[in-house]
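Morning, everyone. I have one model to walk through today.

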Amino acid sequence: MSAPTEDAPIYAPFFGVMGAASAIIFSALGAAYGTAKAGTGIAAMSVMRPELIMKSIIPVVMAGIIAIYGLVVAVLIAGSLEKGTYKLFTGFAHLGAGLAVGFSGLAAGFAIGIVGDAGVRGTAQQPRLFVGMILILIFAEVLGLYGLIVAIYLYTK
């Protein structure tokens with residue numbers, strides 16, 4: 001272990017830890033909201049059309065993927081934390097990476113939840129809405145993927 005220097009102060013890992021925490025916390029919040037919101041739509045729809053339950057699980061699965069994005073970034077950041085040699089610039093870059101994937105995951109989770117709720121209810125009444133719901137869910141999911149790409153890019157700096 002080396003002594004803290006000007007470019008690697010003792011508090012530099014704090015920013016990396018906050019980046020890892022932000023990545024998993026915000027993306028998990030988005031995934032949880034998306035799962036809960038879409039789940040309520042599935043429960044309401046399944047009263048009248050129980051045969052569509054398995055087909056309607058797609059928004060819940062897509063919401064769960066959002067949390068995986070945050071988990072990947074959090075594990076990458078946590079794996080690179082070192083006491084004494086962790087630079088301040090690296091800490092700021094990792095904080096930015098965690099916030100990028102976390103907040104984009106939160107936004108994507110909200111979008112998936114709202115679209116999933118309305119989509120499964122609408123599909124129960126008009127089955128031709130299913131393809132449109134899937135397309136909108138893909139566009140909502142890709143928002144989280146954009147955050148993952150930016151986070152990985154920042155992580156490598």
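Which residues of α2 are buried? They are Pro59, Met62, Ala63, Ile66, Tyr69, Gly70, Val73, Ala74 and Ile77. Buried means under 20% relative accessible area, exposed means over 50%, and partly exposed is in between, with a 1.4 Å probe and protein chains only. Seen down the axis of α2, the buried residues fall within an arc of 140°, so they line one face of the helix. That arc is taken over the directions from the helix axis to the C-beta atoms. On the other side of α2, Val75 and Gly79 are exposed.

Ground rules, quickly. This is a predicted model, where local features need pLDDT of at least 70, side-chain atom pairs count only at pLDDT 80 or more, and totals for chains, interfaces and linings use all residues. Numbering runs from 1 along each chain as its sequence is written, and side-chain values use heavy atoms, with hydrogens and water left out. Helices are DSSP runs (H or I, at least four residues), numbered from the N terminus.

Back to α2. What covers its buried residues? The cover includes α1, α3 and α4. Contact here means heavy atoms within 4.5 Å. Now the length of α2, residues 58–79. Its 22 residues at 1.5 Å each should span 32 Å, and the end C-alpha atoms are 32 Å apart, which agrees. The expected span is 1.5 Å times one less than the number of residues.

Next, the packing of α1. The axes of α1 and α2 come within 8 Å and cross at roughly 175°. That makes α1 roughly antiparallel to α2. The cut-offs are under 35 degrees for roughly parallel and over 145 for roughly antiparallel. Axes are lines fitted to C-alpha atoms, for helices over the stretch in contact, and angles run from 0 to 180 degrees between N-to-C directions. The contact of α1 with α2 has 16 nonpolar, seven polar and no charged residues.

Now α1, residues 12–48, against α3, residues 88–125. Their axes come within 7 Å and cross at roughly 0°. The two helices are therefore roughly parallel to each other. This contact divides into 22 nonpolar, 16 polar and three charged residues.

Last, α4. Its buried residues include Phe130, Met133, Leu137 and Glu141. Among what covers the buried residues of α4 are α2 and α3. Val115 sits in α3. Leaving out residues up to four places away in sequence, Val115 touches Met133, Ile136 and Leu137.

Notes
Angles under 35 degrees count as roughly parallel, over 145 as roughly antiparallel, 65 to 115 as roughly perpendicular and the rest as oblique. Ala, Val, Leu, Ile, Met, Phe, Trp, Tyr, Cys and Pro count as nonpolar, Asp, Glu, Lys and Arg as charged, and the others, Gly among them, as polar.
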